[in-house]
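Please prepare a briefing on the structure shown below, with the cut-offs behind each term spelled out and the points grouped by topic.

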Protein chains: 2
Amino acid sequence: SRHITEDQIARIERLTNRRAHRWLRRGVFFSHRDLTQLLDLYERGEKFYLYTGRGPSSEALHLGHLLPFHFTQYLQEAFNAPLVVQLTDDEKFLFNDKLTLEETHRLAYANAKDIIACGFDPTKTFIFSDLDYIQHMYPMIVKIQRCVTFNQARGIFGFTDSDNIGRQAFPAVQACPSFPATFPVPLKGSRTMPCLIPCAIDQDAYFRMTRDVAPRLGFKKPSLIHSKFFPPLQGKGGKMSASMASTSIYVSDTAAQIKKKVNKYAFSGGQETLELQRELGANIEVDVPYQYLRFFLEDDERLEQIGRDYKAGKLLSGEVKAILIEVLQELVGTHQARKAAVTDEVLAEFMRVRELDF
Amino acid sequence: SRHITEDQIARIERLTNRRAHRWLRRGVFFSHRDLTQLLDLYERGEKFYLYTGRGPSSEALHLGHLLPFHFTQYLQEAFNAPLVVQLTDDEKFLFNDKLTLEETHRLAYANAKDIIACGFDPTKTFIFSDLDYIQHMYPMIVKIQRCVTFNQARGIFGFTDSDNIGRQAFPAVQACPSFPATFPVPLKGSRTMPCLIPCAIDQDAYFRMTRDVAPRLGFKKPSLIHSKFFPPLQGKGGKMSASMASTSIYVSDTAAQIKKKVNKYAFSGGQETLELQRELGANIEVDVPYQYLRFFLEDDERLEQIGRDYKAGKLLSGEVKAILIEVLQELVGTHQARKAAVTDEVLAEFMRVRELDF
């Protein structure tokens, strides 16, 4: 994969007639495969579709889970692109012996409400559970499976002989939505529509395999755009806590929980005493509150100013935390309000096999 | 697996109130797993269902392909049992790089007409292609897959690292119809109905795996009844011809083709000259025409008489071939007449997801 350049970001702004998403400007979505080719096609008037997904392994999403969805929502709006969202309830069952299939299927629907709350256009977005949509995918899945040996899968994904046989078959399920023929109704029968996949960098292996297979099945290779990882509250260097709740802020957290978690658990790059902080300033590169602001504070100038002041000792840890708490409370509050509007009817419409609008 | 005993055959006759199928009497279906338990349940008034299948890899079935179907048809009638027939179009695609998926799917439908022509009761028989019915099987498939490691699959089926990842996943697809919950509509929601699988002995490996997995998924182990292989025209000891057509008689062969194939290719256990045959008689154990009569001539006494006379040199090879030709022409003629009656509407009804009558 290649780094996204300033030129590419400028080109995206030109093509979409709007400012690039802050996660592009700030290097959160930092690398890509074949993005230039995709933009070339777009510039010539060709439409593309977006594909992203989630493995439904828990009830509530945390802030890191929002990254691909918020960014995809921006791409959908900026490029006016149809979107398919895969919920891999089958995968989570095959990779987690503690979950029942009924539970991962239920979580797929619960998570879909949180995904919809990220602001997707209902006329342009198709969300599906693998268990529900398998009928439409299975022919493509076996075609992909015939192109991949166990040896290759082992090389890419590190499977062992003790893994169950479903795990080895699964990469084909994740590859499948990269090909437009998987969505004859939503994509109106197109077999040539290019695909752009926003995802976290750890998912790249699936799509390297997909890109290898694509030409043998007569499809374009999907383009990719990768994000860095979102750090836990304890920071990249910090230890992950055994108690999940203290390492992450969930979209279901209350304002009070957000305040408490940031104040109590967020790793600080500030000095130990007020005097030292005034004298030496904070290390903003490891400071979690500041890093979180880089993700979620939209205003570039204000972010810069906070960074300068914090480094210079003019701002204290507690003050930066207070800014972050306000930003996150608003973000999560907005999410919760939007999610409350996602009725079962709205959910059913997003998950209905239908023609998308593009 | 265990040999089927005379006592068991007598018990089947008692329970079904009819003579046992000649393939039971003559040891063609020769071994079983848990048949006694199944008959115990049946005797106490519990219903069971039948499951058999076919991998659609060729247009026309040959006589050997008819074995499981003719025998299953007998079982359906004798025990008044519902039946599910799996057409593994996915398997044939994954195991044969020369076939397209569209072709194996088409062959599934072509083969289904031949299967129907074996005389199944349309109110008690559900025939399905894996590609069509996957939606209903997939939840069970992943549950089975989670119970089997690659190591175990390799031990049972001999997969190598060069096999594609779909092949390793497939045993779960073949196992799936052994559990009644796979057919909520056809079997009216039963999760406890016992399953009897008539199959060729080479399929036993799939069902050993299935039987291992069954209790972990809360299901009864399926019972099995196995047939021996049907010999090619060249005989068990004879060389298989590269030209398929000359090794087998197809259900689509004309009366003239049957006559020609039997006369030209059927391995004879008779002596080389008329004089030697009169003097020494035939070796009926290797004589293909006589062996085929053991499969297809219903009349026990006549079969015995032919055997005695042929061994004693009273009958000549050509005469036994002539008897066989007549039997096969009638068998194939009946098949073709029945198949001609299988319209697309009849086919659609057998393949429709619906409640079976039992």
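In this predicted model, chain B holds an open sheet of seven strands in the order 1-2-7-6-3-4-5, with mixed pairing; strand 1 (2-3) and strand 5 (125-129) of chain B are its edge strands, each pairing on one side only. Two strands count as paired if DSSP finds at least two bridges between them, and helices (H or I, at least four residues) and strands (E, at least two) are DSSP runs numbered from the N terminus. Residues are numbered from 1 along each chain as its sequence is written, chains are lettered from A and ligands numbered from 1 in the order in which they are written, and side-chain values use heavy atoms, with hydrogens and water left out. Because the model is predicted, local features need pLDDT of at least 70 and side-chain atom pairs count only at pLDDT 80 or more, while totals for chains, interfaces and linings use all residues.

**Sheet of chain B**

- Strand 1 of chain B pairs with strand 2 (residues 29-33) of chain B in the antiparallel sense over two bridges, and His3(B) stands opposite Ser31(B) in strand 2 of chain B.
- Helix 7 of chain B lies across strand 4 (83-87) and strand 5 of chain B, running at about 105° to strand 5 of chain B; axes are lines fitted to C-alpha atoms, for helices over the stretch in contact, and angles run from 0 to 180 degrees between N-to-C directions.

**Sheet of chain A**

- Chain A has an open sheet of seven strands, ordered 1-2-7-6-3-4-5 with mixed pairing; strand 1 (2-3) and strand 5 (125-129) of chain A stand at the edges with a single partner strand each, so one side of each is left without a neighbour in the sheet.
- The pairing of strand 1 of chain A with strand 2 (residues 29-33) of chain A is antiparallel and runs over two bridges, with Ser31(A) in strand 2 of chain A as the bridge partner of His3(A).
- Strand 4 of chain A and strand 5 of chain A pair in the parallel sense over five bridges, and Thr125(A) in strand 5 of chain A is the bridge partner of Leu83(A).
- Strand 5 of chain A is mostly covered, with five of its five residues buried, where buried means under 20% relative accessible area, exposed over 50% and partly exposed in between (1.4 Å probe, protein chains only).
- From strand 5 of chain A, Thr125(A), Ile127(A) and Ser129(A) point one way and Phe126(A) and Phe128(A) the other way, and all are buried.
- Helix 4 (residues 63-79) of chain A lies across strands that include strand 2, strand 3 (49-54) and strand 4 (83-87) of chain A, running at about 165° to strand 3 of chain A.

**Helices 7 and 9 of chain B**

- The axes of helix 7 (residues 130-146) and helix 9 of chain B come within 8 Å and cross at roughly 105°, which makes helix 7 of chain B roughly perpendicular to helix 9 of chain B (under 35 degrees counts as roughly parallel, over 145 as roughly antiparallel, 65 to 115 as roughly perpendicular and the rest as oblique).
- In this pair, Asp130(B), Met137(B), Ile141(B), Ile144(B) and Gln145(B) in helix 7 of chain B meet Ala169(B), Phe170(B), Ala172(B), Val173(B) and Ala175(B) in helix 9 of chain B, contact meaning heavy atoms within 4.5 Å.
- The residues of the contact of helix 7 with helix 9 of chain B divide into eight nonpolar, one polar and one charged; Ala, Val, Leu, Ile, Met, Phe, Trp, Tyr, Cys and Pro count as nonpolar, Asp, Glu, Lys and Arg as charged, and the others, Gly among them, as polar.
- Helix 9 (residues 165-175) of chain B is mostly covered, with 11 of its 11 residues buried.
- At the start of helix 9 of chain B, a side-chain oxygen of Asn164(B) reaches to within 2.9 Å of the backbone nitrogen of Gly166(B).

**Helix 13 of chain B**

- Helix 13 (residues 288-296) of chain B is mostly covered, eight of its nine residues being buried, and these buried residues pack against helix 2 (22-25), helix 4 (63-79), helix 14 (300-311) and helix 15 (317-340) of chain B.
- Asp287(B) caps the N-terminal end of helix 13 of chain B, with a side-chain oxygen 2.8 Å from the backbone nitrogen of Tyr290(B).

**Two buried residues of chain A**

- Arg22(A), in helix 2 (residues 22-25) of chain A, counts as buried at 10% relative accessibility; leaving aside neighbours within four places in sequence, Arg22(A) is in contact with Phe295(A), Phe296(A), Leu297(A) and Glu298(A).
- Leu107(A), in helix 6 (residues 101-116) of chain A, counts as buried at 2% relative accessibility; with neighbours within four places in sequence left aside, Leu107(A) is in contact with Pro56(A), Ser57(A), Ser58(A) and Glu59(A).

Definitions and conventions. Polar contact = N/O pair within 3.5 Å; in protein donor to acceptor, adjacent residues only side chain to side chain.
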